[in-house]
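Colleague: I have a model open on my screen and would like to learn how to read it. Could you walk me through it with me asking the questions?

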Amino acid sequence: MSAPLSQELRAKYKVRSLPIRKEDEVSVVRGKYKGREGKVTTCYRAKYMIYIDRVQGEKAGSRAVPVGIHPSNVMITKIKLDKDRKSLLERKNNSAALEKGKGKFTEAEVQGGTAMADVD
């Protein structure tokens with residue numbers, strides 16, 4: 001269950017999205033509760049829902065109940081970092097850097113014929 005990062009976090013970590021976790025701070029960007037912010041209290045993986053502390057609905061008896069929100073409808077604004085999360089960010093960052101030049105030929109290789117020399 002991943003959610004996109006805010007623009008500031010995206011620029012800082014050079015990663016577009018992360019798996020969402022309890023204690024992350026998020027902002028709802030779509031739906032009825034758009035604009036609300038809060039901490040993730042629960043990640044319900046079976047229902048593919050997250051519950052946020054300041055996003056609640058009302059039952060018939062005026063009782064507040066937490067409302068489930070799909071992780072794609074929120075944006076992570078603050079990450080709870082621990083050693084596993086740091087290693088994940090480093091891993092994603094390294095793989096993105098490696099893929100940037102993957103499979104690309106330079107102009108010199110194309111003009112010199114070295115790029116396609118071994119192809120029949």
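This is a predicted model: local features need pLDDT of at least 70, side-chain atom pairs count only at pLDDT 80 or more; totals for chains, interfaces and linings use all residues.

Colleague: Thanks! Now the overall layout: in what pattern do the helices and strands follow along the sequence?

Modeller: Here we read the elements in order along the chain. The protein has three helices and seven strands, and their pattern is β-α-β-β-β-β-β-β-α-α.

Colleague: And how many of the contacts join residues 24 or more positions apart?

Modeller: The idea is to see how far apart in sequence the touching residues lie. Among contacts with a separation of 6 or more, 47% are between residues 24 or more positions apart. As for burial, 25% of the 120 residues count as buried. The exposed surface comes to about 8700 Å², with carbon and sulfur atoms supplying 49% of it.

Colleague: Which residues have the most contacts inside the largest nonpolar core?

Modeller: For a core, we follow buried nonpolar residues that are joined through their side chains. The largest one here has 21 residues, and those with the most contacts inside it are Ile-20, Ile-52, Ile-69, Val-74 and Ile-76. The elements that give two or more residues to this core are α1, β3, β5 (49–58), β6 (64–69), β7 (74–78) and α2. The largest share, three residues, comes from β5. Take Ile-69 as an example: setting aside neighbours within four places in sequence, Ile-69 is in contact with Val-28, Tyr-33, Met-49, Ile-50, Ile-52, Val-55 and Val-74.

Colleague: On to charges. How many salt bridges are there, and which parts of the chain does the pair of Asp-24 and Arg-85 tie together?

Modeller: For a salt bridge, we check the distance between a side-chain nitrogen and a carboxyl oxygen, with a cut-off of 4 Å. The count is four. Asp-24 and Arg-85 form one, at 2.9 Å from N to O. Asp-24 lies in the loop between β2 and β3 while Arg-85 sits in helix α2 (residues 83–100), so this pair ties together parts 61 residues apart in sequence. Both Asp-24 and Arg-85 are buried.

Colleague: What about Lys-39: which residue is its salt-bridge partner?

Modeller: The partner is Glu-23, and the closest N and O atoms are 3.7 Å apart. This pair links distant parts of the chain, with Lys-39 in strand β4 (residues 37–44) and Glu-23 in the loop between β2 (17–19) and β3 (25–28), 16 residues apart. Lys-39 counts as partly exposed at 34% relative accessibility, and Glu-23 is partly exposed at 32%. Another salt bridge joins Asp-84 and Lys-83, at 3.8 Å. Asp-84 is partly exposed at 43%, whereas Lys-83 is exposed at 68%.

Definitions and conventions:
Residues are numbered from 1 along each chain as its sequence is written. Side-chain values use heavy atoms; hydrogens and water are left out. Helices (H or I, at least four residues) and strands (E, at least two) are DSSP runs, numbered from the N terminus. Buried means under 20% relative accessible area, exposed over 50%, partly exposed in between (1.4 Å probe, protein chains only). Contact means heavy atoms within 4.5 Å. Accessible areas come from the Shrake-Rupley method with a 1.4 Å probe; for residues, only the protein chains shown count as cover. A nonpolar core is a set of buried Ala, Val, Leu, Ile, Met, Phe, Trp, Tyr and Cys residues joined through side-chain atoms within 4.5 Å.
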